[in-house]
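Subject: Structure for you to look at

Hi,

Here's the structure I promised to pass along. Have a look at it first, and then read on for what I found.

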Amino acid sequence: MTDFNNTGMSKKHLHQFIGIGVAVVALLIVVIIVMAISSKPTGGPGKNPTESESEASTEALLAEKKTQLIKEADYLATTYDYDGAIALIKTWEGYAEDTDLSAKLAEYETTKASCKRVDMSTVTHIFYHSLVVDPERAFVLTNSGRGNYEWMTTIDEFNKITLEMYNRGFVIVGIHDLYRYETDENGNKKMVENDIYLPEGKKVVVLSFDDLSYYHSYDNFGYASKLLVDENGDVINEYIDAEGNKHYGAYDYVPLLDQFIEEHPDASYHGAKGTVALTGYNGILGYRTDETYSFDNLDNPAIDKNKRDWLKAHPEFTLEAERAAAKEVADAMKANGWTFASHTWGHLRVGDKSLSTLKTDNEKWQKNIAPIVGETNVIIFAHGQDLGNWGKYDLNNEKVQYFMSEGFDVFCNVDSNEYRTYFGENYLRQGRRNLDGIRFWYNLTGEQDNLSDLFDVKEIYDSTRPDYTEFP
Ligand SMILES: [Zn+2]
């Protein structure tokens, strides 16, 4: 298992660099003014050896600062943020007279001009669940093992797919990059297609990830157990192996994708990662943040037994501490390009459930999850069940009306089409593709062919998976 290495430059580090840069420039200005004043009585420049040395060291400092500025601008351009790179270069006083900086500006402008506008109808959207760390524990030949086989992806498969899609020119774009809001002549807010420009040959993929709660039902099946923030500020996993030993590192997609994009910054548009769809009934991110985790419920038969068992095993538990720890992880993820969506609190089928059930459920989400991860306008439907057929929503549908009145305007289902994006009047719908064992199996056997635009399934399929037909 790879340990998490801190390489390359993340957004967080970039901000630190820019902060330090501003401080250095301010200091330089003070030094130059002081030198200019003190040099006046001593005659012409360069006559005094001490003065020459000072000038030389000032020049060296300036050159170093300029090199750093170019490095930061190059990083932005690598993530296709040409406007950001240009703006950064222009923060340098006298950039227009500087040959190095002028050359950089011309380079970014030329690359920007050669980019093509992304056709939103060709944006593919893939999703995963938490990754299997130990296939031997996950793919036991039982009903649970069958579920793990069907719906889950192993770390090895995820890493191979991520690399192969990168090699094929896919660039990860955030779901929020697909649209923007404009105000029309009557002052009404309107959602419109955004403009994304990428170099020719690049393709766009949106990533989402479902159920990042580390449910009690995942215990002992070889998944990570939680996320946490390490001493460098990076998000890592805790993983408990078959012998009960705890390991810390990259054991699920959050640190794995963070690491991949640090090493391949051109894999992501403006540093976007993925959108994580959260339920709340077992808490989030591996923390038991839901209000139902209360010692008052220890003998309450209406509360799931696995919650009560967990509480009994954790007498030190406090809801405040769990929520604070989860918020630390969520804040670190958001600073690093991740966003969050509702997956309904109770993993509900929105088509089947009544409006009043959906309202009560959403109120739980807003009460128990939104304060930790922030509000969201995105709902990623559990079980993929949608509020209507593809295309325009029936705006008389009271569930559609309810979710829209609650601030949701991006709706995602599961349909496994190569790409399906629909812009309605002030809302966006996207179909998603599950990259999991069941999809791999049907593509391996030739019963389906709906992955070959992304990768060759034979190249990524984890050989430690048992034969699917062996499951009871
Ligand atoms: Zn789900």
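Predicted model: local features only at pLDDT ≥ 70, side-chain atom pairs only at ≥ 80, totals over all residues.

The protein chain has a mean pLDDT of 91, with 89% of its residues at 70 or more. Over residues 1-9 the pLDDT stays under 50, and the model has 22 contacts beyond four places in sequence for them. Residues 30-47 also stay under 50 in pLDDT, and for these the model has seven contacts beyond four places in sequence.

Now for the sheet built from β10, β11 and β12. These three strands make an open sheet in the order β10-β11-β12, with antiparallel pairing. β10 (226-229) and β12 (246-249) are the edge strands, each pairing on one side only. On average, neighbouring strands in this sheet are turned by 30° against each other, direction ignored. If you zoom in on β10 and β11 (residues 235-240), you'll find the two running antiparallel, joined by four bridges. Leu227 sits opposite Asn237 of β11 there.

Two helices lie across that pair of strands. One is α8 (residues 253-263), which lies across β10 and β11 and runs at about 140° to β11. The other is α10 (residues 319-335): this helix also lies across β10 and β11, and runs at about 75° to β10.

Which way do its side chains go, and are they buried or exposed? Tyr427 and Arg429 point one way from the strand, Leu428 and Gln430 point the other way, and all of them are buried. So that's an arginine and a glutamine to look at when you check the buried residues of β18.

β18 has pairing partners in both senses. With β16 (residues 410-412), β18 pairs in the parallel sense over three bridges, and Arg429 is the bridge partner of Phe411. With β17 (residues 421-424), β18 pairs in the antiparallel sense over four bridges, and here Tyr427 stands opposite Gly424. The hairpin of β17 and β18 has two residues between the strands, and in that hairpin Asn426 takes a positive phi near 70°.

That's what I have so far.

Cheers

Methods
Residues numbered from 1 in each chain as written. Buried ≥ 20, exposed ≤ 12 C-beta atoms within 10 Å, placed from the backbone. Pairing = 2+ DSSP bridges. pLDDT = per-residue confidence, 0-100. Axes fitted to C-alpha atoms, helices over the stretch in contact; angles between N-to-C directions.
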